[in-house]
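The following exercises concern a single protein chain. Please examine the sequence and the structure before working through the solutions.

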Amino acid sequence: LAKDACRDLIKKWPKTDILAMHTNSLAPNRFAEEKGIWSIGFNLENADMFPDSYLTSCVWKWDKYYKDAILSCLKGKFYGSVDWVSMEDGIVQLSDLTKNCVPGTEEAVEKARQLFVERSFDVFYGPIIDNKGKLRIPEGESMSEDEMRNHFDWYVEGVTVEK
């Protein structure tokens with residue numbers, strides 16, 4: 001399925017130059033390697049498998065989180081909740097950039113990472129306009145946790161939805 005989705009995407013948008021995914025499948029990375037398209041991995045760092053096309057990967061390190069949750073279950077002290085995790089928790093990480101990244105990329109990524117850590121940048125700060133032209137988040141405001149969890153049923157400006 002993932003490879004078919006990539007094939008359909010490239011067929012429709014042949015000028016696509018980077019594939020990023022939110023799936024544990026390596027099929028998009030393989031497809032990118034075959035087609036000479038850059039790729040960004042997900043969940044694990046797999047640069048050695050795709051030496052000519054891999055840029056980096058969003059890596060999730062769930063070990064400590066699950067260990068703590070399982071131990072609380074075993075102790076009879078687990079209470080279900082929705083948890084927001086962050087870079088500071090060590091769960092969300094970015095793998096090393098590969099040789100395929102252009103000079104200056106590492107500095108730009110580090111600068112962006114620092115803005116997230118300092119909480120001086122958030123992708124949910126406004127102004128944010130949806131794909132139908134409606135202002136969803138005014139300038140200087142941010143989406144609330146409730147909006148993100150329960151009312152985020154729209155797409156951001158520039159996203160085209162096809163059925």
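## Exercise 1: Contacts of L135

Leaving aside neighbours within four places in sequence, L135 is in contact with P127, I128 and I129, contact meaning heavy atoms within 4.5 Å. The model is predicted, so local features need pLDDT of at least 70 and side-chain atom pairs count only at pLDDT 80 or more, while totals for chains, interfaces and linings use all residues. Residues are numbered from 1 along each chain as its sequence is written, and side-chain values use heavy atoms, with hydrogens and water left out.

Task. Determine in which strand L135 lies, and whether L135 is buried, partly exposed or exposed.

Solution. Step 1: L135 belongs to strand β6 (residues 135-137); helices (H or I, at least four residues) and strands (E, at least two) are DSSP runs, numbered from the N terminus. Step 2: the relative accessible area of L135 is 48%, which makes L135 partly exposed. The classes are buried under 20% relative accessible area, exposed over 50% and partly exposed in between (1.4 Å probe, protein chains only).

## Exercise 2: The chain as a whole

Task. State how many helices and strands the protein chain has, and where confidence is lowest and highest.

Solution. Step 1: the chain has 5 helices and 6 strands, in the order α-β-α-β-β-α-β-α-β-β-α along the sequence. Step 2: mean pLDDT (the predictor's confidence in each residue, from 0 to 100) is 90 for the chain, with 100% of residues at 70 or more. Step 3: confidence is lowest in helix α5 (residues 145-150), with a mean of 84, and highest in helix α2 (residues 27-35), with 95. Step 4: the C-alpha trace spans about 50 × 45 × 35 Å along its principal axes, and 23% of the 163 residues count as buried.

## Exercise 3: Helix α2

Task. Identify which residues of α2 are buried and what covers them.

Solution. Step 1: the buried residues of α2 are A27, P28, N29, F31 and A32. Step 2: their cover includes α1, β1 (18-20), β2 (38-43) and β3 (54-60). Step 3: just after α2, G36 adopts a positive phi of about 70°.

## Exercise 4: Salt bridges

Solution. Step 1: side chains of opposite charge can pair when their charged atoms come close. The criterion is a side-chain nitrogen of Lys or Arg within 4 Å of a carboxyl oxygen of Asp or Glu, and the whole structure contains 6 salt bridges.

## Exercise 5: Aromatic pairs

Task. Classify the ring pairs W62 and Y65 and Y65 and Y66 as stacked, tilted or edge-to-face.

Solution. Step 1: rings of Phe, Tyr and Trp (its six-membered ring) pair if their centres lie within 6.5 Å; planes under 30 degrees apart count as stacked, over 60 as edge-to-face and the rest as tilted. A search of the whole structure finds 7 aromatic pairs.

Step 1: W62 and Y65 are edge-to-face, at 5.5 Å centre to centre and 70° between the planes. Step 3: Y65 and Y66 have centres 5.8 Å apart and planes at 75°, so this pair is edge-to-face. Step 4: W62 and Y65 are each partly exposed at 28%, and Y66 is partly exposed at 45%. Step 5: W60, W62, Y65 and Y66 form one aromatic cluster.
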